[in-house]
Amino acid sequence: MCQVEEDYNGLECKQETIPLNRKCVKCKEGTAVLIIRVSDAFCRSCFKEYFIHKFRAMLGKNRVIFPQEKVLLAVSGGAASCSMLSQVLEGLSRDAPKKLRFLPGIIYIDDGGACGRSEEERRRSIDQLKSIFTQTGFPYFTLPLEQVFALPSSVLVPGESDPDPSNPSYKQAVDQYIRERQKMEEEEAAGEVAQLSVEDSLCSPEHKVALERLFSSLKTLTAKEEMLQTLRQHLILHVARENGYSKVMMGESCSRLAVRLLSNIALGRGAALASDTGFSDPRYGDVVIVRPMRDYSSKEIAAYGRMFHVPSVFIPGLDTKTHDKASIQRLTESFVTNLQADFPSTVSTIYRTSEKLHTVMPSLSHDPEPASKCLLCLCALDTEGDKASAFHATLVSERLSQIKLQDVSHDARRCSEGQGCGTGGCCSSNRSAVHQDLKTLVCYSCGLTIKDMGDVDTLPPYIITEAEKRHKRSLMKKEISQYLLEEDD
């Protein structure tokens, strides 16, 4: 850092420095140690109070997490997610003035197989994170990304959301929690032992090879990052459902969400912006994604972690040590970061724009069919309805260029009943039809990722199985509608 009046090889530094005697804007007494924005200078104690209050205010304002609800914290090892873990630990301590009332758990997804890290590097990172998780006393899960090849197809089926849970209002839920807490105080006074539920599954060599084949089939880094994000979400969703967690906390900061907003627009995910960047993401139905760190800038998170010694682990990702134009996400991040350096309101302006976005949700009286959602991201399909669109014309031209499949529905039904087709070709034809119709089962952005793949067969089995189910379901609907038309005639 250069100082005023310093001379470097005859070049005088013109950068304006911060007065050393500047007072805190909150207490007006302490000396400022950090300036978040031009007019926001904080001392050490006031900054800690400001940081903690912002986290709890975000949860209190939205009120989507009920007392005694199980919440899974998705920790990647970075500064943002570790700061989120620190805030939850701070809010659950006995000295906290307003204690958090939910039951936290931690999950870490090891994506080293997709990023090309060695076994030794992956093991070292997991050991460092385990030491952090163990100190919290929360149950935690560490899973390799290769476990996606053992997931059931039910992961891609949206769960049933309950608009009116056991407690009809937040206030009643708090009152019930206080009553139950008073009954448990005597038992807790005797001593409390943290029960750790560690899940450190070892992936099989077949799954490792399958993951390598999957990411090798993706041609661009943009598609690899999108696929990695999708698979990670599916694995977190599965663990949350299997262990009774109804909420998942993501440690995505304001700066990260601003980059995602612009990159998602470039990737054709405009219809899903509200779900991808909002505080709550209810696309999965029974499990809701929440982002309590979305009001924090990366500068605030880095300053808090450094000043109060929040432990974190640097884990290289797909875009580590890549140039600015390696992917759309990397290019967008470079653009926003460079613009933020010259115009400090860039990130906040983009972030405030995301707050105004809303998604039209279907009626809660009946659950939407799985076919109306994207096969990969589970957002509402944005490729339906307009039969005169350019996207539909592309699908039609691709369909006409493929082999005609006239009797697939009859043969597929006989194979599903165990009778067989007799020729040995119906099963392969059915799978071929599923691959051809895969683009019709995904949204526009996920369709671009599928298009970038060299071999669709490298997808995990649960995705192919669910695609086949939806394909058979659509064929059955066509048969029924055709039968009804013949009966009317």
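## Terms and source

Two residues are in contact when heavy atoms of each lie within 4.5 Å.

The model is predicted: local features need pLDDT of at least 70, side-chain atom pairs count only at pLDDT 80 or more, and totals for chains, interfaces and linings use all residues. Residues are numbered from 1 along each chain as its sequence is written, and side-chain values use heavy atoms, with hydrogens and water left out.

## The chain as a whole

The protein chain has 17 helices and 11 strands. These are DSSP runs numbered from the N terminus, with helices being H or I of at least four residues and strands being E of at least two.

Of the 489 residues in the protein chain, 44% are buried. Buried stands for under 20% relative accessible area, exposed for over 50%, and partly exposed for values in between, with a 1.4 Å probe and protein chains only. Contacts between residues at least 6 apart in sequence join residues at least 24 apart in 73% of cases.

Strands count as paired if DSSP finds at least two bridges between them. β5 runs parallel to strand β6 (residues 103-110), to which 5 bridges join it. Leu72 has Gly105 as its bridge partner in β6, and Ala74 has Ile107. β5 is also parallel to strand β9 (residues 247-250), with 4 bridges between them. There, the bridge partner of Ala74 is Met250.

β6 is mostly covered, with 7 of its 8 residues buried. It pairs with strand β7 (residues 140-144) in the parallel sense over 5 bridges. In that pair, Tyr108 stands opposite Thr142 of β7.

## Nonpolar cores

A nonpolar core is a set of buried Ala, Val, Leu, Ile, Met, Phe, Trp, Tyr and Cys residues joined through side-chain atoms within 4.5 Å. In the largest one, which has 57 residues, Leu72, Leu145, Phe215, Leu231, Val248 and Leu459 touch the most other members. Helix α7 (residues 221-242) supplies the largest share of this core, 10 residues. A second, separate core has 55 residues, including Leu34, Ile65, Ile126 and Tyr351. In soluble globular proteins, nonpolar side chains tend to be buried together.

Beyond its neighbours within four places in sequence, Leu459 is in contact with Phe149, Leu214, Met227, Leu438, Ile450, Met453 and Ile464. His234 is located in helix α7 and counts as buried, at 1% relative accessibility. With neighbours within four places again left aside, His234 is in contact with Leu151, Val155, Leu156, Leu376 and Tyr462.

## Helices α11 and α12

Two packed helices are described by the angle between their axes and the distance between the axes. Helix α11 (residues 328-342) packs against helix α12 (residues 346-355) at an angle of about 120 degrees, and their axes are 8 Å apart. Axes are lines fitted to C-alpha atoms, for helices over the stretch in contact, and angles run from 0 to 180 degrees between N-to-C directions. α11 and α12 are therefore oblique to each other; angles under 35 degrees count as roughly parallel, over 145 as roughly antiparallel, 65 to 115 as roughly perpendicular and the rest as oblique.

At this contact, Val336, Leu339 and Gln340 of α11 meet Thr346, Val347 and Ile350 of α12. These residues divide into 4 nonpolar, 2 polar and no charged. Here Ala, Val, Leu, Ile, Met, Phe, Trp, Tyr, Cys and Pro count as nonpolar, Asp, Glu, Lys and Arg as charged, and the others, Gly among them, as polar.

## Loop residues

The loop between β2 (11-12) and β3 (34-37) contains Lys28, and Ala32 lies in the loop between β2 and β3 too. Lys28 is not a glycine, yet has a positive phi of about 65 degrees; its relative accessible area is 59%, so Lys28 is exposed. The C-alpha atom of Ala32 is separated by 9.4 Å from that of Phe47, 15 residues apart along the chain.

Lys321 is placed in the loop between α10 (298-307) and α11. Its phi is near 65 degrees, a positive value in a residue other than glycine. Lys321 counts as exposed, at 86% relative accessibility.
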